[in-house]
Amino acid sequence: MTTTERVAKVVLVDIEGTTTSISFVHDVLFPYAKENVNKFLRDSWKSDDTKQIVQDLQQVPQFADYKDTLSAPPAELDAELITGFVRYLIDKDLKVTPMKTLQGLIWAQGYASGKLKGHVYEDVPAAFQAWRDAGLRIGVYSSGSVAAQKLIFGHSIAGDLMTHLSAYFDTHVGHKQEQQSYENIAKSLEVAPEQILFLTDIPGEAAAARSAGLKAILLQRPGNAPLTDSQKSTYEVIPDFKPLYNLQLP
Ligand SMILES: [Mg+2]
């Protein structure tokens with residue numbers, strides 16, 4: 001740990017593999033959406049939100065591919081057909097925008113009912129508190145939608161952590177492995193890029209952030225993909241947020 005890395009105005013955190021276990025997303029959230037999509041569509045089939053999502057889902061190119069996989073495609077568009085398509089997208093890990101919107105609505109119901117609680121590692125709430133006590137701002141940058149980010153932190157196993165967060169970014173700002181995205185974030189936060197410390201588990205994201213002038217540290221949480229020796233020598237690698245409890249303002 002170098003002293004320069006301990007100095008920042010904003011800490012920008014990734015979620016999956018950084019604040020939250022990858023298995024929560026893959027073993028809890030995605031299966032929850034898959035299990036509840038049919039009931040959600042049936043219950044809300046006539047609502048304007050769902051009508052719009054269903055219309056948008058039919059526009060994505062993979063919809064035709066999906067229909068080709070069916071031995072007897074239904075003559076009429078119904079909740080069963082869309083359910084099948086959404087499950088197909090989830091299985092193939094195809095993150096199309098209307099599907100992300102639909103998943104967000106399904107998760108919102110799950111969180112509201114208490115059936116879902118966002119996973120965060122135990123050092124996360126303590127780090128958020130320490131950083132805010134030190135006068136730093138905390139932002140989130142995740143490929144999950146801003147709505148999904150707010151659900152995870154607003155209904156976390158450690159309570160409502162949104163009180164600590166002042167900015168949320170998803171792929172509307174750009175893709176996570178592109179330099180421009182981090183330039184956009186710095187501009188939006190109105191701070192110099194070098195005053196932002198980005199925490200992530202993905203070396204390609206750290207590289208993009210660094211090329212935009214941000215500082216970047218890699219997380220090696222349990223269940224994350226192993227890092228190569230060259231990645232370990234390129235970036236500071238930490239197992240959790242504890243080494244960062246004492247971040248300071250410039
Ligand atoms: Mg990640």
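Trainee: Why is Asp14 called buried?

Mentor: In this predicted model, Asp14 has a relative accessible area of 4%, and because buried means under 20%, exposed over 50% and partly exposed in between (1.4 Å probe, protein chains only), Asp14 counts as buried. Residues are numbered from 1 along each chain as its sequence is written, and side-chain values use heavy atoms, without hydrogens and water. Local features need pLDDT of at least 70 and side-chain atom pairs pLDDT 80 or more, whereas totals for chains, interfaces and linings use all residues.

Trainee: What makes Asp14, Glu16 and Asp201 protein donors of the magnesium ion?

Mentor: Donors are N, O and S atoms within 2.8 Å of the metal (3.2 Å for Na, K and Ca), and water is not among the atoms, so sites may look incomplete. Asp14 (OD), Glu16 (O) and Asp201 (OD) lie 2.1 to 2.2 Å from the magnesium ion, and therefore they qualify as donors.

Trainee: Which residues does UniProt place in the feature "binding site", and how do you know that they gather at one spot?

Mentor: The unreviewed UniProt entry places this feature at Asp14, Glu16 and Asp201, in the numbering used here, with feature names shortened and annotations that may be inferred rather than shown by experiment. They span 188 residues in sequence, yet no two of their C-alpha atoms are more than 8.0 Å apart, so they gather at one spot.
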